[in-house]
Every structure is written in structure tokens, then in C-alpha cells.
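Thanks for coming. Please look at the structure first, and then I will go through a few parts of it.

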Amino acid sequence: MKIRKDTNSDFLQWFHFRLTGAVGQACKLSIINAGKTTYPKGWEGYNVCASYDREEWFRIPAVFRGGQLTFHIKPEYNSIYFAYFTPYSYERHLDLIHQAQMSDHVRMEILGTTFLGRNIEMLIIGKPAKKKKVIWVIARQHPGEPMAEWFMEGFLERLLDPDDSVSRKILNDAILYIVPNMNIDGSIAGNLRANASGANLNREWQKPTLKHSPEVYHVLKKMDESGVNLLLDVHGDEELPYNFIAASEGIPSYNDWLASMEQKFISHWMDTCPDFQNTHKYPLDKFGEANMTLASNAIAERFGCLSLTIEMPFKDNADMPDKRYGWSAQRSKLFGASVLNPVIRVLHELR
């Protein structure tokens, strides 16, 4: 098999397919262009996701050698699915939006349309008030990172739980703007990083256009209307087998307050969630040398706010490995729920 390129782009890494008619047969499957994908190191130590019922996704050992990713299985049933990570379908996305809007705290708003004319859904959670902090959480700018939307599902389930005191306190003191999927077109197309025009949305935050990156254009326009005190931008990383944060230390206006807030957020998350760590992460940017086209850097500079990129692994959490499931949809959901703890820790210090 060969992985195809993203729509109007040279990115390639995501796969999702079904094998039928092979029950009880020893099968060898090879992705023969794995070495030519966007992140070939992402295959090192990676195990393929598989499912018979499309609910339970387990891992199959894989070997990356000679530019090919190879794995073996003797199917127990006549149909089996394989994927780069547990998929998060458009139907499930719509369910997430519409189930959330049933809460008395939630109003759903259409920000605009994607490159192909699909709706960009946003959830506004909480009632506006002058002294309330404004929190934005966006996910899946890169559509082939479905763990980001699983994260959002867990985040929303906890946030809207009336019995959770942390959530109730956050809703009392903040209003949240949530975009669970920034890249609907790319998600439906099975892309790794691009939208339908071929744009990498997380490189469009300096000068987004309606023609090339309407998804970012509409979200940024709404941010300018609402203001931003905290941004969480949720992603998945192909290579590093850890959960970590990328901050905004390289922006021109970086200061001691931002450094202190980043440290408080990170430290509290580490204290309350063993799945999170701060040792293995991207190299730090030098002051003034940040890539300002990235959402977290652009928003930190634009609003002078705490702005963080959250990364989860495609592989496993090497600190707490799970041989059968690796890093999974369920663990992503629990991780999403856990982020409310550091949010409430820094809430009243946000600017």
C-alpha cells in the first residue's frame, strides 16, 4: 500500500483502511512509501491501531525498515480496520456539538464556512460578564491528529458536568469559546495537516485569508471581538512519545509574567496528572525568534495572554506505556478532562 498526499499539498502520513476476506489467514501488510512521508521518524517505535468493531482500537506491532512500515496479523473476523490513530469521524463531531448545545450553559454559533463551504461550529460556554476571563480552546488544526478531538470530548464532558466543582467554578468565573475541529474539510478528506486548499492552518495566523485559510480567518476575527486571556491549542505529535506543552518563549513581547504563568500551568498539570511531563518537548525558541505564524505564538503576541500548544503522542506515553492500546482515544479524553485542573489554578491571574 501507499499513503496518498493531502489535498492540494505534499503532506502525507495519515492512513485508515479496511481488510476483508482474510479471516484466519496469516497476513503481512506493508506501507511501502512510509519512508517518504512527512515524518518518517514517526514510524520508529510506532504500532498500528486496529479494530474489529470500530469501538475498541488495539495496537499491532509494526516494524519500520528500508523505508517500509510492515505489520502482521491473523484476523479473527472477516473484516478489520487499521488506522494511524483511532479515528474521530465527522458524524461523531456533529454528535459532540449537538449534545453539548443541550446544556443550559452552551450556545452553538456558526463562525463562517470552510474552504469547501462547510460550517465552522463554535461552542460558547458560560454567560458573558465584565469581570469574567475569556478562554479559547481550539483543536484539530491538523486534521490527521484525531487525538485532539478526543481530548476535546473529554474536556467538554467534564466542563459540562454539573457535579464537578472545578467545572462549576470555571463557568462561574470565565466564558469559554470552543472550536472542537478547526479543519472539517481536511478531517473528512483524511488529510494529515492541510485544509482543502492545501493550507497548513497552524502556519496561517499572521495573515489568514478567506480564499486560502477561511477557518483561521473566521476564528481570529471572533477572537478580536471577544478578546483572549488564555488559549489552548490542542495537537498530536508524530515523533515524541510523550504529552507536553510548547509555550511562547520566543515571541517579541515575552516577559516575566508570561514565564511565571507558563510555569504555574505546567507545574500544576504535572502535579495532578501523571500522564503529563515537561522533560521531553520541542527545543525552546530563543527570544524574538518564534515562528509567529503559529497560533499559540501569534495569539500570545496579539493579546498579551497565556497561550499554549498541547501535544499528545501518536505512539504511546513512554513514561506510562500501555502495550495493548498505546496512547488511545480514552486516554486522550481523560487527558482533556485533566487540563481543567491547571486552568483553574491560573484562572484569576490571567490577563
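I start with Ser-51, which touches Glu-56, Trp-57, Phe-58, Ile-80 and Tyr-81, leaving aside residues up to four places away in sequence. Contact here means heavy atoms within 4.5 Å.

A word on the source. This is a predicted model, where local features need pLDDT of at least 70, side-chain atom pairs count only at pLDDT 80 or more, and totals for chains, interfaces and linings use all residues. Residues are numbered from 1 along each chain as its sequence is written, and side-chain values use heavy atoms, with hydrogens and water left out.

Back to Ser-51. This residue lies in strand S3, residues 48-51; strands (E, at least two residues) and helices (H or I, at least four) are DSSP runs numbered from the N terminus. Is Ser-51 buried or exposed? Ser-51 is buried, at a relative accessible area of 0%. Buried means under 20% relative accessible area, exposed over 50%, and partly exposed in between, with a 1.4 Å probe and protein chains only.

Next, the cores. A nonpolar core is a set of buried Ala, Val, Leu, Ile, Met, Phe, Trp, Tyr and Cys residues joined through side-chain atoms within 4.5 Å. The largest one has 79 residues, and Phe-15, Phe-82, Phe-265 and Trp-269 touch the most other members. Helix H2, residues 147-159, gives the largest share of this core, eight residues. A second, separate core has 23 residues, including Leu-111 and Ala-298.

Ala-298 is also one of the buried residues of helix H7, residues 295-303. The cover over the buried residues of H7 includes helix H5, strand S12 and strand S14. After H7 comes Gly-304, with a positive phi near 60 degrees.
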